[in-house]
Amino acid sequence: MVLLQLDPFLNELTSMFEKSKEKGSVWVTLKRSSLKSKLQKRKLSSAGESIEYRCLIRATDAKKTISTSVGAKDHQRFQASYATILKAHMTALKKRERKDRKKSTEAEKKQGTSTTTKPKKL
């Protein structure tokens, strides 16, 4: 697996979104990883050393797969850049239909008063 640096990864991700604008999808997965084998992890844990976990990010458009690894130091910068890219390329999403709150509460009140009756006292 070839890991790209952060800036080339973000550039490739932008180009993937551009290519799939008319037709297609881009899948992005994020996963916690130490980028070490199980044997290396066991050696570190038995020696009492802490394991530095990183965030492994993969993106694919079914033709091409790219990946990068982000450490704790670069996480804020990467997250801000990634959010900007997502906001810029999520133009094909449908807007959610919202009910008018006044109309729905008035309709509920009308239905509630006609169907409920007060219990009689004995």
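Modeller: Let's start at a turn: A62 takes a positive phi near 75° in the hairpin of β2 and β3, a hairpin with 4 residues between the strands. Before we go on, this is a predicted model, in which local features need pLDDT of at least 70 and side-chain atom pairs count only at pLDDT 80 or more, while totals for chains, interfaces and linings use all residues. Residues are numbered from 1 along each chain as its sequence is written, and side-chain values use heavy atoms, with hydrogens and water left out.

Biologist: Where does A62 lie, and is A62 buried or exposed?

Modeller: The general idea is that most residues other than glycine have a negative phi. A62 is a residue other than glycine with a positive value, and its place is the loop between β2 and β3. A62 counts as exposed because its relative accessibility is 67%. Buried means under 20% relative accessible area and exposed means over 50%, with partly exposed in between (1.4 Å probe, protein chains only).

Biologist: How many helices and strands does the protein chain have?

Modeller: The protein chain has 4 helices and 3 strands. Both are DSSP runs, numbered from the N terminus: helices are H or I with at least four residues, strands are E with at least two. Read from the N terminus on, the order of elements is α-β-α-β-β-α-α.

Biologist: In what order do the strands form the sheet?

Modeller: Look for pairing first: two strands pair if DSSP finds at least two bridges between them. Here the order is β1-β2-β3, in an open sheet with antiparallel pairing. β1 and β3 are the edge strands, each pairing on one side only. The twist from one strand to the next averages 20°. β1 and β2 pair over 7 bridges, and β2 and β3 pair over 6 bridges. To find your place by eye, K31 has L56 in β2 as its bridge partner, and R58 stands opposite S67 in β3.

Biologist: And S33, what does S33 touch?

Modeller: S33 lies in strand β1. Contact means heavy atoms within 4.5 Å. Not counting residues up to four places away in sequence, S33 touches E52, Y53, R54 and L56. S33 has a relative accessible area of 14%, so it is buried.

Biologist: Which helix packs on the sheet?

Modeller: α1 does, touching β1, β2 and β3, and its direction makes about 145° with that of β3. Such axes are lines fitted to C-alpha atoms, for helices over the stretch in contact, and angles run from 0 to 180 degrees between N-to-C directions.

Biologist: Which members of the largest nonpolar core touch the most other members?

Modeller: In soluble globular proteins, nonpolar side chains tend to be buried together. A nonpolar core is a set of buried Ala, Val, Leu, Ile, Met, Phe, Trp, Tyr and Cys residues joined through side-chain atoms within 4.5 Å. The largest one here has 16 residues, and F9, L13 and F78 touch the most other members. At least two residues each come from α1 (6-19), β2 (54-60), β3 (65-70) and α3 (75-89). α1 gives the largest share, 6 residues. L13 is in contact with V26, V28, A59, I66 and Y82, leaving aside its neighbours within four places in sequence.

Biologist: Which residues of α3 are buried?

Modeller: An α-helix has 3.6 residues a turn, so residues three or four places apart point the same way. In α3 the buried residues are F78, Y82, I85, L86 and H89. Seen down the axis of α3, these fall within an arc of 95°, so they line one face of the helix. That arc is taken from the directions from the helix axis to the C-beta atoms. They pack against α1, β1 (27-33), β2 and β3, whereas Q76, T84 and K87, on the other side of α3, are exposed.
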